[in-house]
Amino acid sequence: MNKKTNNNELLAGTCLLLSIAKSDDKFEKSEIEIIKDIISDFFNCDLSILDETISIAIKKLHESTDLYEFSKVLNHSFSYQDKVDFISCTFEVAFADGTMHHLEEHFIKKIANILNVEHSDLINSKKNIQKFL
């Protein structure tokens, strides 16, 4: 994503990435580091706000009841290619600890569905990330 991201997109994307990391009940340092890299690069955000953004996102995620509230923010503002690229980022987080848990994959599929990402693009994103592992 090349454009400057607004705070709602940044927070929503961070919440979704954290939801993937936490879905297998193992919240590992490698996942946090990948999330920091992603939000810095993908959302073009300043490095000085990474820790604060993650802290706020963890709180918001804890208060939320589902992924829809975060996904809809991205669905309305992302282009289709941004959505596919974001799904690739979710797979990066899922594989950060070496393996993808079935609950991580389930959450990614839910997010992709809300973002209206075609199944073939979901599968291609997963395969492309697996090539780099």
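Q: Which residues line the largest pocket?
A: Let's start with the pocket in this predicted model. It has a volume of about 180 Å³. Its lining is made up of Ser19, Lys22, Ser23, Leu61, His62, Ser64, Thr65, Asp66, Leu67, Phe107 and Lys110.

Q: Which helices each supply at least two residues of that lining of the largest pocket?
A: The lining of the largest pocket divides into 3 nonpolar, 5 polar and 3 charged residues. The helices that each give at least two residues to this lining are α1 (7-22), α3 (50-63) and α6 (102-114).

Q: How do the residues of the contact of α1 with α5 divide into nonpolar, polar and charged?
A: Helix α5 covers residues 80-94, and α1 packs on α5 at an angle of about 35 degrees with the axes 8 Å apart. From α1 come Gly13, Leu16, Leu17, Ile20 and Ala21, and from α5 come Phe86, Cys89, Thr90, Val93 and Ala94. Sorted by type, the contact residues are 8 nonpolar, 2 polar and no charged.

Q: Are α2 and α3 roughly parallel or roughly perpendicular to each other?
A: Helix α2 (residues 29-42) packs with α3 at an angle of about 110 degrees, their axes being 10 Å apart. Angles of 65 to 115 degrees count as roughly perpendicular. The two helices, α2 and α3, are therefore roughly perpendicular.

Q: What is the handedness of the crossing of α2 and α3?
A: On the α2 side, the contact uses Ile32, Ile35, Lys36, Ile39 and Ser40, while α3 brings Leu50, Asp51, Thr53 and Ile54. These residues divide into 5 nonpolar, 2 polar and 2 charged. The crossing of α2 and α3 is right-handed.

How values were computed: Residues numbered from 1 in each chain as written. Predicted model: local features only at pLDDT ≥ 70, side-chain atom pairs only at ≥ 80, totals over all residues. Heavy atoms only, no water. 1 Å grid on protein atoms, 1.4 Å probe; cavity = no way out; pocket = protein on both sides within 12 Å on 5 of 7 lines; lining within 4 Å. Points joined across faces, edges and corners; volume = space filled by probe spheres on them. Helix = DSSP H or I, 4+ residues; strand = E, 2+ residues; numbered from the N terminus. Nonpolar A, V, L, I, M, F, W, Y, C, P; charged D, E, K, R; others polar. Axes fitted to C-alpha atoms, helices over the stretch in contact; angles between N-to-C directions. Contact = heavy atoms within 4.5 Å. Parallel < 35°, antiparallel > 145°, perpendicular 65-115°, else oblique. Left-handed = near helix turned anticlockwise from the far one by under 90°.
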